[in-house]
Structure formats: structure tokens, C-alpha cells
2 protein chains.
Amino acid sequence: ETLSLDQYSFVGNAFSFGLAVMASTTLFLWLMRSSVAPGYRMAITITGLVTAIAAYHYLQIMLSWDKAVDVTSGELAATGEPFNQAYRYVDWLLTVPLLLVELILVMKLSQDETWNRAIKLGGAAALMIVLGYPGEVAEGAGTRFLFWILSMIPFIYILYQLVVGLKESIEKQPDNVKQLIHYATYLVIASWAFYPIVYLLPLLGITGGSAIVAVEVGYTIADIVAKAVFGLVIFTIAVRKSAAEG
Amino acid sequence: ETLSLDQYSFVGNAFSFGLAVMASTTLFLWLMRSSVAPGYRMAITITGLVTAIAAYHYLQIMLSWDKAVDVTSGELAATGEPFNQAYRYVDWLLTVPLLLVELILVMKLSQDETWNRAIKLGGAAALMIVLGYPGEVAEGAGTRFLFWILSMIPFIYILYQLVVGLKESIEKQPDNVKQLIHYATYLVIASWAFYPIVYLLPLLGITGGSAIVAVEVGYTIADIVAKAVFGLVIFTIAVRKSAAEG
Ligand SMILES: CC1=C(/C=C/C(C)=C/C=C/C(C)=C/C=O)C(C)(C)CCC1
Ligand SMILES: CC1=C(/C=C/C(C)=C/C=C/C(C)=C/C=O)C(C)(C)CCC1
């Protein structure tokens, strides 16, 4: 059982949607950058960088999807050029550490604490992605599962840091954004939890065309929440903190 | 009866026209952005974003139109790669909620009212588009009509909100723009009313090549009015309100 024409188009449309969302979020953030106080502009710049990097990779993913299949009179035929899964992982390797850096920067902690947390969380995030990749491209279910387990170790460390490690720093935030920063951390946890679940779908009896649709559309939705929606929350936090600081 | 070469070229030219209008409106709005007071820059940024997103989708639509047909010595032959209608709906899914957000932002209501109205109207707009899509790609007239009815429900809710719900907020606007804001809401109503009519054309006895031309050119004209012309009205409102506020 393989992909139908409808499934193939649907995934292609999801990629185009992802590209449009990421590119427009980038433009919004960079154009609105001057509306936040100078102390938050690095956070907003990086937030836009994350969506810009994602827009570039969605373009590559879309083109690769296009080139992998020939459509003739409603029939799909593999061209022999494989769909390149690596673009997602290259994207994540860059953007996942940056997403954590955004969250830390918008809190405006002391310089030491900022560095310290950025290196620990960013490093763990990079490790998580590197450990996930071999399982994503592996044929066997056993290998996929093994690397899932390995990648879960840094993942759980990150979740722990977000929930417990950042608690004290969040308590020090001004009242008008405390709620919003809590919300931002929950958004990270909820949207990131999606990825290891999507990754396991092919092991849960979803096969063939449906597995491909589930994984590709699932990752795309998760990316939109984790980068674009999250980026707009970061922007709102920066606007409110700028206003509060006068 | 299918598309003639003239019809095929005409639709392709309409798409190229749409792309040029959307892209130039975007550049105009973003280049002129600094001419409005800071409080209106988000409205202008989003207005330009809507036309930017539309420009991207017109490019995709134009390319898909091009790839769907081979022209050899004046004869058209389908390549087998279907023309992708979904780009329009992906575009609308993003831009229709943003168009309503533009209108609300330029009114500069209280923070609560802005959020409240943006979520209600934006949500209804997204629902309207999602409900319209299955009918657009369906083969049967019955299905097309069924989804038309379903999509009309949120559509009528939006019209009602624009006419009745926003009345009070519009009354609070400064005198030099009240007329213009009324005009902007009428422009939304008149241009949006076009879409459900165009959608029904294939059910009204217009068939084959003519139906395709009517639907594609009809939507393109409606898009230009609803996004580019409307965007310039929003820009004018922002300029006048900036001047009035000193
Ligand atoms: C735990 C785990 C994973 C986690 C991935 C995550 C958490 C990705 C987050 C990506 C984001 C946030 C992207 C862009 O916005 C993998 C690599 C799927 C492999 C399986 C185990
Ligand atoms: C009611 C209705 C529709 C309404 C579409 C509208 C109102 C689209 C507006 C688009 C705009 C404003 C686009 C860009 O500027 C559909 C989906 C055709 C389906 C049939 C019923």
C-alpha cells in the first residue's frame, strides 16, 4: 500500500502552508522589531531567525517532495530520487536550541545565568536531535525504537529544566507577564511532546501511505505551533515587558 | 467541451496580474509604514502581510496552471498533473482571518475588545474556509451545494458582526475617519459576497471551459478588491487617524 494522489497532494499542500506561515511570521517579527524596547530586540531577532530558517527548510522539503514523485494522468510514480528527510533534522538542529535561547532571552536574566542556561538547554536540545536522526531514516522498527529511547534522555532533561529549573527565574518576572511566560513554557512542553509521539506512529500499526501522511502533516502542525505560535507569544511578552519598563 | 487556448492563456494572464498587484501593494504598504503613527504600524504590517501571502500563492497558482497543461502547435493537452485548487484555500485560510484583524486593529479598540473580536471573527472566518473546501474539490453538484450551505453559516455570522456588532465601536471613531471605516466594512461585505456566488457558478449551467474561466477570473478579481483595494483603504484610515492624533 502506497501513497494515493490525494494523499500526495495533501502533504504537498501542508508543506506549502508551513512555508507560508513561517515566512509571514518572520516578516511580521522583523518588521515589528522596533516596537519592543532595545533590550528585547535580540530575542525578537532570534525568534524571526527561527521561523526564517524553518521557511527555508520548508521550501527545500516542498521541492524535494515534488521531485520524488512524477504525476501522470492521476498516477503516481516514484522518480527514484528519494524524499529528503534530513532537511527536517538539519532545521531542528539549528532551530530547537534557538527556541530555548529565545525563551531565556525574553526573561532578561543576569548575563551569567543567561549563558549558563542557554548552553545547557541548547546543548541538550542539539543532542536530542542528533540522537533521533539515525532512527528516523532506519528501516527496522527496532532501530527506530532504540534511538527514540536515547533521544528521550536529553528530552526529559529539557522538560525537567523548563518545569523545575526555570521556576525561580520565572517567579522573578514582572506580574503582567508571569502568566504569559508560564504559558510559553507550557506551550513548549505541549508542542514538543508531539514530536516523539509522531516519531513512533510508524511503530503503532499505521503503515504505508497513511504513515507518511501522519508523520509529515503531524510534524508540520507541531512545527507551526512550536515556532510560529510560540514566536508570537514571545513577541507579546516582549511588547508587554517593554511597556511596563516605560 | 474543454478549455480553448485563448481561455487557457486568459486565465494564466489573470493569475500573473494578481501576482503583480499583490506584490506591489505589499511593497507600497511596507515602504510607507513609517508614515503612520506607531499605534497603527501593526495594522499596516499585517495588511502588507496579507498581500504578501497572496502574492506567494498567486505565484504557486500560476506555476501549477502552467504545469497542468502542455501547449503544442496551438493544441492543449493535459499533462496529467492536476491544477492545484488547494492553494486558494490555503491562502484564504491564512489571509481571511488576518483581513478581519486588520480592520479591528485600525479601529484601535481597547486591548480586551481587540482580542475578543479578533478571536471570534477570525475563528468564524477560518471555519468558513475549511467548510468550503470539500465542496470546491468535489465532483458532484450535491456535495458542492451542501458545503456551500454549511460555509454560509459562519459567513452570515461574520456579516452580522460587521454590520451590527461593530456599530458601537465604529460610532466611537473620530469624525474624519468614521465615513471611511463605514466604507471599509461595506467593501468587505460587497467583495466577500462575490465568493459564494462565484463558487455556485458551476451549478448555474455554466460548464466546461467557461466555468473554469468564470471561477478562476472571478476569484482573482474578488481577491484584488478584498485584499489590495481594501488594504489601501486601511492605509488611508491609518494615515488620517495618525494626522488627527497629531
Ligand atoms: C524526543 C524525541 C524527538 C524529539 C524531537 C523534538 C522535541 C523536536 C522538536 C522540534 C521543534 C520544537 C521544532 C521546531 O519548532 C525526536 C527527534 C523526534 C526523536 C524521537 C525522540
Ligand atoms: C461563504 C462561502 C465561501 C466564502 C468565501 C469567502 C467569503 C472568501 C473570502 C476570501 C477573501 C476575502 C479572500 C481574500 O482576500 C466559500 C469558501 C467560497 C465557499 C462557499 C460559501
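This report walks through a predicted model, from its chains and ligands to its salt bridges and a few single residues.

## How to read the model

Residues are numbered from 1 along each chain as its sequence is written, while chains are lettered from A and ligands numbered from 1 in the order in which they are written. Because this is a predicted model, local features need pLDDT of at least 70 and side-chain atom pairs count only at pLDDT 80 or more, whereas totals for chains, interfaces and linings use all residues; side-chain values use heavy atoms, with hydrogens and water left out.

## How the chains relate

Let's start with the chains. Chain B can be laid on chain A by a rotation of 73° with 0.5 Å of shift along its axis, giving an RMSD of 0.1 Å. That is the relation of a five-fold axis.

## Around ligand 1

Which residues come nearest to ligand 1? Out of 17 residues around ligand 1, they are Met128(A), Ser151(A), Trp192(A), Tyr195(A) and Lys227(A). A residue counts as near if one of its heavy atoms lies within 4 Å of the molecule. On its own, ligand 1 exposes 530 Å², and the protein buries 100% of that (areas come from the Shrake-Rupley method with a 1.4 Å probe; for residues, only the protein chains shown count as cover).

Five helices of chain A each give at least two residues to this shell: H3 (86-107), H4 (111-137), H5 (141-165), H7 (175-200) and H8 (208-244). Helices here are DSSP runs of H or I with at least four residues, strands are runs of E with at least two, and both are numbered from the N terminus. By class, the shell around ligand 1 holds 13 nonpolar, two polar and two charged residues. In this scheme Ala, Val, Leu, Ile, Met, Phe, Trp, Tyr, Cys and Pro are nonpolar, Asp, Glu, Lys and Arg are charged, and the others, Gly among them, are polar.

## Around ligand 2

Now for chain B. Ligand 2 has 17 residues around it, and those that come nearest are Met128(B), Ser151(B), Trp192(B), Tyr195(B) and Lys227(B). The protein covers 100% of the 530 Å² of accessible area that ligand 2 has on its own. Helices H3, H4, H5, H7 and H8 of chain B are the elements that supply two or more residues to the shell. The shell around ligand 2 divides into 13 nonpolar, two polar and two charged residues.

## Salt bridges

Side chains of opposite charge can pair when their charged atoms come close. A salt bridge is counted when a side-chain nitrogen of Lys or Arg is within 4 Å of a carboxyl oxygen of Asp or Glu, and over all chains the count is 20. In one of them, Glu81(B) pairs with Lys67(B), with the closest N and O atoms 4.0 Å apart. Glu81(B) sits in the loop between strand E2 (75-78) and H3 of chain B, and Lys67(B) in helix H2 (residues 41-68), so the pair ties together parts that are 14 residues apart in sequence. Glu81(B) is partly exposed at 28% relative accessibility, and Lys67(B) is partly exposed at 40%. These words have cut-offs: buried is under 20% relative accessible area, exposed is over 50%, and partly exposed is in between (1.4 Å probe, protein chains only).

Another salt bridge joins Arg117(B) and Glu113(B), at 2.9 Å from N to O. Both residues lie in helix H4 of chain B, four residues apart, which is about one turn of the helix. Arg117(B) is buried, with a relative accessible area of 17%. In chain A, salt bridges that share partners link Arg88(A), Asp91(A), Glu216(A), Asp223(A) and Lys227(A) into one network.

Where does Arg88(B) lie? Look in helix H3 of chain B, where Arg88(B) is buried at 3% relative accessibility. Its side chain makes a polar contact of 3.3 Å with that of Thr220(B). A polar contact is a pair of N or O atoms within 3.5 Å; within protein, one must be able to donate a hydrogen and the other to accept it, and residues adjacent in sequence count only if both atoms are side-chain atoms.

Lys108(A), in the loop between H3 and H4 of chain A, has a positive phi near 50° without being a glycine. Ser73(B) is not a glycine either, and has a positive phi of about 35°. Ser73(B) belongs to the loop between strand E1 (69-72) and E2 of chain B and is exposed, at 75%.

Methods. Least-squares fit on C-alpha atoms with pLDDT ≥ 70 in both.
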